[in-house]
Amino acid sequence: MPISKKDRINREHKKADAAGTRTPVKANGNPVKAPTPMSKCAYCMKEIVASNQTQKKVHAETHDQKVWTKEKCWPDDTFA
């Protein structure tokens with residue numbers, strides 16, 4: 001009698017686990033995405049997506065520009 005679908009999938013999962021090649025998946029079978037890198041504002045500690053320069057500039061303008069500039073908010077980033 002041939003192997004059942006459940007048993008075949010379990011064997012494949014065990015082999016992948018042993019080889020270290022199995023990717024994490026959600027319950028519905030979709031792969032799990034890596035978390036988006038975030039940057040923290042040095043003034044208010046708000047987290048914003050690190051690659052979104054426009055959002056960082058807009059956020060930095062909400063602080064007092066005389067005291068706290070965008071370069072102070074994001075000291076690790078360069079603005080063009």
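Helices here are DSSP runs of H or I, at least four residues long, numbered from the N terminus. The model is predicted. Helix H1 spans residues 5–19. Both Glu-12 and Arg-8 lie in helix H1. They sit four residues apart, about one turn of the helix.

These two residues form a salt bridge. Their closest N and O atoms are 3.0 Å apart. How accessible are the partners? Glu-12 counts as partly exposed because its relative accessibility is 42%. Arg-8 also counts as partly exposed, at 37%.

## A second salt bridge

How many salt bridges does the structure hold? There are two. Arg-22 has 39% relative accessibility, so Arg-22 counts as partly exposed. Asp-17 has 46% and is likewise partly exposed.

Thr-23 is found in the loop between helix H1 and strand S1, which covers residues 38–40. Is Thr-23 buried or exposed? Its relative accessible area is 52%. The cut-off for exposed is over 50%, so Thr-23 is exposed.

Thr-23 and His-13 are 10 residues apart along the chain. Their C-alpha atoms are separated by 9.8 Å.

## His-59 in helix H2

His-59 lies in helix H2, which runs over residues 53–60. Its relative accessible area is 10%. Buried means under 20%, so His-59 is buried.

What does His-59 touch? Not counting residues up to four places away in sequence, His-59 touches Cys-41, Cys-44, Lys-46, Ile-48 and Trp-74. There is also a polar contact between side chains. This contact joins His-59 and His-63 at 3.3 Å.

## The nonpolar core

Which residues make up the largest nonpolar core? The core has six: Cys-41, Ile-48, Ala-60, Trp-68, Cys-73 and Trp-74. In soluble globular proteins, nonpolar side chains tend to be buried together.

Ala-60 belongs to this core. Leaving aside neighbours within four places in sequence, Ala-60 is in contact with Gln-65, Trp-68, Lys-70, Cys-73 and Trp-74.

How values were computed
Residues numbered from 1 in each chain as written. Predicted model: local features only at pLDDT ≥ 70, side-chain atom pairs only at ≥ 80, totals over all residues. Heavy atoms only, no water. Helix = DSSP H or I, 4+ residues; strand = E, 2+ residues; numbered from the N terminus. Buried < 20%, exposed > 50% of the residue type's maximum accessible area, 1.4 Å probe, protein only. Polar contact = N/O pair within 3.5 Å; in protein donor to acceptor, adjacent residues only side chain to side chain. Contact = heavy atoms within 4.5 Å. Core = buried A, V, L, I, M, F, W, Y, C linked by side-chain atoms within 4.5 Å. Salt bridge = Lys/Arg side-chain N within 4 Å of Asp/Glu carboxyl O.
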